[in-house]
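Let's take a quick tour of a protein model. Have a look at the sequence and the structure first, then follow the notes below.

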Amino acid sequence: MAISRRDLLKGAAVAGAATALAGRAEAREAVAPLPESVGMLFDATRCVGCRACVTKCKEVNELPYDRTPDGQYDAPNDLNGTTKNIIKAYAGGEQQTYMKQQCMHCLDPSCVSVCMMGALHKEAQGKRLMKGERPIATGIVLWDKDLCVGCRYCQIGCAFNVPKFEWDDAFPKIVKCELCRHRADPKKEGPLAVANPACCEVCPRQAVVYGKRADVLAEAKRRVAAEPERYAAKVFGEHDGGGTQVLYLAPKGVEFSALGLPVLPERSSAELSEKVSHAPYLHGITPIALYAGLAFVIKRNKKKEEAAEHGREGKR
Amino acid sequence: MNEMGSDVFGLETKGFSRRDFIKVCTTAAAAVGLPAWAGEKMAENVAKGRKPSVIWLHFQECTGCTESLLRTSHPDVAALILDLISVDYHETLFAAAGRQIEEALEKALHENEGKFVLVVEGAIPEKDGGIYCQVGGKKAIDTLHAVAAKAGAIIAIGSCASWGGVPSAAPNPTGATGVPQLLKGKTVVTLPGCPANPYNLLGTVLQFATFGTLPALDDLGRPKFAYGRVIHEDCQRRPHFDAGRFAQSFGDEGHRNGWCLYKLGCKGPQTHANCSLLDFCEVPGAWPVAIGHPCVGCTEQGIGFNVPIYTNLPIEKPTAPMAYPAVHPDHNVLGRGNGAIAIGVGSAIAGAVVGAGVMATRKLSSETEKDQGKE
Amino acid sequence: MSAHGHPKAIGGQLLGPSMVKLLALFALAAAVMLYRFVVGVGPVSNMTDGFTWGIWEPLNVVVFTGIGAGAFSVGLLTYAFNKGQYHGLVRPAVLVGAIAYTLGASSIVVALGRYWNAYWLPWVPYWNLSSALLEVAVCVIAYVTVLWVEVMPSVLEGAAASKHPRWAAIGKRWGPKLAKAMPFIIALAIVLPSMHQSSLGGLMLIAETKVHPLWHTALLPTLFLVSCLSMGFGAVVALVTILKLAWNGEHDQKLLAQLSKVNAGLLFFYVALRLGDIAWSGKLRYLGANFYTGLFLVEMALFLAPAILFLVPRVQANRGRLFGAALLAVLAGAAYRMDTYLSVYRPAGFDANGNAIPAGWQYFPSLGETIVTVGMAAVGVAIFIVVSRLFPVVVVDERSQHSKLERGAMKTAASR
């Protein structure tokens, strides 16, 4: 009896590992773009590096200007606790290519997948509606200051290294682009009622444009088709990492990876992580069964041992 | 003061001093990027009567380049220019007309053959055998070839002469063409601009007269001292561009505050000229960007009179006064604060932990061996 | 089955010179932590947006709890697989576990940026079950509670034996009740760590571009689970040896050797799993003359060395050698954990050949971070000493008097 039980238990323990191996016990669907999702298109062939968007972003998001460690004003050199949008330069190729970096608003964001209590969540799809959040599924990734514990797992998870932390603050926040949803005008219709990114508004070359994801994706494809000699053939973000709501066009001959965009599979990291992690749990059955089995076995073992001790040394 | 003798236009009557004269020459020298002593040398040569002979041909043009040359405010212009150079043929400036003036041309050609400077103002029509521009019954294209063959140096002033300019704008009914396109194989200094900055001409001519050389030219024949950089690079509104402050429309807050005009269609980023550095006719602020209008790109072939004035262009040669961050910028985090100490202490502790483990194991195992040996 | 003796309170002077040193180290760490709460995490650490967890998460949480997993591994062996002979190891292992987990959890509070929001964590409706960290957090909070409950029998026993009547009454009243509930608590103490230890590996699944391909695999949870068991067994062997030296704790070389044989199996299993996975998923091409291969080989050597040593009779028979091998097993797991979380973590990821894309971020723990880690370890040791002196945790070997007793233990022996 006891041996068979033991074997059963061993089997259960091994089964956990085995399901992890298989990793496909639970179907975790890929996330499709929301019908109302909004996004941006950044066309690196149009950007002239004027940084109007960087300045305007700071202004409308009320972010302080950067300072060097000794207190002098300085231009930010990367996204950071006071910079949600940055223009960087890639010097390779025929001439300098500019790269705009801000939150990608992934279709299936890693940061949302890993956030413990859904502080980072897609608008209207979180654990709760935070203050000022509208019940519109725009796909914008928001940060709820009251649910964030500052664990910074989002920074580990984000392949684009977008979420930033206020390191020098006793009460720090996670800082990242929210597509200027606070500038939305509910009186307007369409995407402008949802968000109104200042960067798109001030860009002198319309290098970055805002609209529904479907529209900007169509526009991106139109541009590539119209001028194949000008653009790299791929629209970054259409499928990369499960797809993003901010899309990128690069000049022909310039790799997206050279512009700092990671090489990602079409499946999102969240999908992999959740599939593998959830698989052994079988919707929570495994731990409960394991617990029940263990409690039973341990109780039996203990009784037997006590009986043996009782026989040997008398009552304790 | 030693008043300088002059036979033309009575400089003495205007009380023009030698000192002023040297100043003008020095300014002209500086414009071509020559040192001050070159200006003095120019002045000396002029004083000795070795003035460069200039033949000035007018073709399809508005005479704007000549007009601007006559309007340099300081030094007292026309007089000076006409004193510095010996204009032996100039249809606008000459009092004579008709046969008389054509004879003067012939005379100048023979007297200074191979030495004179030919300045061409205006485009030359090529269509239908060049019949659309004739002076004294001679077709412009024939005159050009005839004069150019004997010239010591050829300068095309203004955009029309340099590459066609206004007359060549689409649909270009006369087939207007620039001088370099017609005189293939010859060195033609082009000074595009509508009109060209007179100082660029003055400097070039004086350098040739003084040293017999021409300034360094780019592949379009433009002197590099004036056309080596685009207007955007030295623009007075550049700080606004770098800070992302753009006028969105004429008369808006940004426009009134003197912000960058790029978004209004400024061609400065692709236009090669020194407008932003060398005041036009020495009048400060007398150029489009300074008065609140985007640069129209008048010097640049393919842009001026071709691209609509308010069309926005990409930026050529996007050099910036400040560096842009790299795609993966260096954050230099370990360099700050107690980096070296932290590394030292951290490594020491890690080492100590491992070392303690090793020592304890060794000691313990040898002790145990001893004990076991005893037993 | 060897008859196991009963644990005894060690007694002796609480505030000895070594205790003062430990507490001084902790005081230093406490000062740094206090400073951190005033100025933020940045000024005391070298953590950046690139290396956002520094060493506090990988070392203070992932490695500390790995060491603390002795409670889990010994518990699993003793109770679930009914190997009663290991019973004597349970209480010290559980105490170490309780301390290590408590310290891990409290270190996290120091590292958390917005710790004041953490009170929401037990609120089930806000749980994002996709988050491996949530699972770890909830599980660790629960497990810390369970571990201290597991420590309670010692405390209650100590209370029952106390001269103070009220204290003794509490001990006598609650001791047996707790003993009855123990199976259910022990079962929890096995389920919880197997969940969160695998989740600690699962944590890094999301960073698929950032963790070097030789380390990033769908087997991360499994490998972390196996490595925590091997670390735990190693830690228990080392602990028992140290207790023997310090307080003449019961030290059954044969038992430890037997335990280590189990551990050898685990270590071999880990290596087989790791190598098999790398070969099977076609990652052998990343092996070459580079830093990552070197690190990988060092890791493999660290896992294989104790595994082989545990099977060598000369090592099995020698207390010192077994101790060394056990330390190696702990080091192996610690190295694997630190590597996965830090050494092979690159914010900008890797190119197709497995070379890191330079991201412009560098990391080495700052003085502040090191001080906090050391201070946390020190206070852990201090708590262990205090609890063992006051309550029956350690089984003292009464048959033989070892010559090298620590002063405290000598006094205890003398007073007995």
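In which sense do strand E7 (residues 153-157) of chain B and E9(B) pair, and over how many bridges? The two strands run parallel to each other, with four bridges between them. Keep in mind that this is a predicted model, where local features need pLDDT of at least 70, side-chain atom pairs count only at pLDDT 80 or more, and totals for chains, interfaces and linings use all residues. Residues are numbered from 1 along each chain as its sequence is written, while chains are lettered from A and ligands numbered from 1 in the order in which they are written.

**The sheet in chain B**

- Chain B has 14 helices and nine strands; helices (H or I, at least four residues) and strands (E, at least two) are DSSP runs, numbered from the N terminus.
- Five of the strands line up as an open sheet in the order E2-E1-E3-E7-E9, with parallel pairing; to pair, two strands need at least two bridges found by DSSP.
- Strand E2 (86-90) and strand E9 (188-191) of chain B each have a single partner strand, so one side of each has no neighbour in the sheet.
- On average, neighbouring strands here are turned by 25 degrees against each other, direction ignored.
- Where E7(B) meets E9(B), Ala156(B) sits opposite Thr190(B).
- Helix H6 (residues 140-148) of chain B lies across E1, strand E3 (117-121) and E7 of chain B, at about 165 degrees to E1(B); angles run from 0 to 180 degrees between N-to-C directions, and axes are lines fitted to C-alpha atoms, for helices over the stretch in contact.

**Two helices crossing in chain C**

- The axes of helix H8 (residues 220-247) and helix H12 (residues 319-343) of chain C come within 8 Å and cross at roughly 145 degrees.
- Among the residues that meet here are Phe233(C) and Val237(C) from H8(C), and Leu327(C) and Val330(C) from H12(C); a contact means C-beta atoms, placed from the backbone, within 7 Å.

**Where chain A touches chain C**

- This contact takes 55 residues from chain A and 53 residues from chain C.
- On the chain A side, the largest share, eleven residues, comes from H8(A).

**Cores**

- A nonpolar core is a set of buried Ala, Val, Leu, Ile, Met, Phe, Trp, Tyr and Cys residues joined through C-beta atoms within 7 Å.
- Buried means that 20 or more other C-beta atoms lie within 10 Å of a residue's own, with C-beta atoms placed from the backbone.
- The largest core has 264 residues, and those touching the most other members include Val208(A), Leu133(C) and Val237(C).
- H8(C) gives this core its largest share, 17 residues.
- Leaving aside neighbours within four places in sequence, Leu133(C) is in contact with residues including Val114(A), Tyr153(A) and Leu203(C).

**A buried strand in chain A**

- Five of the five residues of strand E3 (residues 97-101) of chain A are buried, so the strand is largely enclosed by the rest of the structure.
- Thr97(A), Met99(A) and Gln101(A) are on one side of E3(A), with Tyr98(A) and Lys100(A) on the other, and both faces are covered.
- Strand E2 (residues 86-90) of chain A pairs with E3(A) in the antiparallel sense over five bridges, and Lys88(A) has Met99(A) as its bridge partner.

How values were computed: Contact = placed C-beta atoms within 7 Å. Buried ≥ 20, exposed ≤ 12 C-beta atoms within 10 Å, placed from the backbone.
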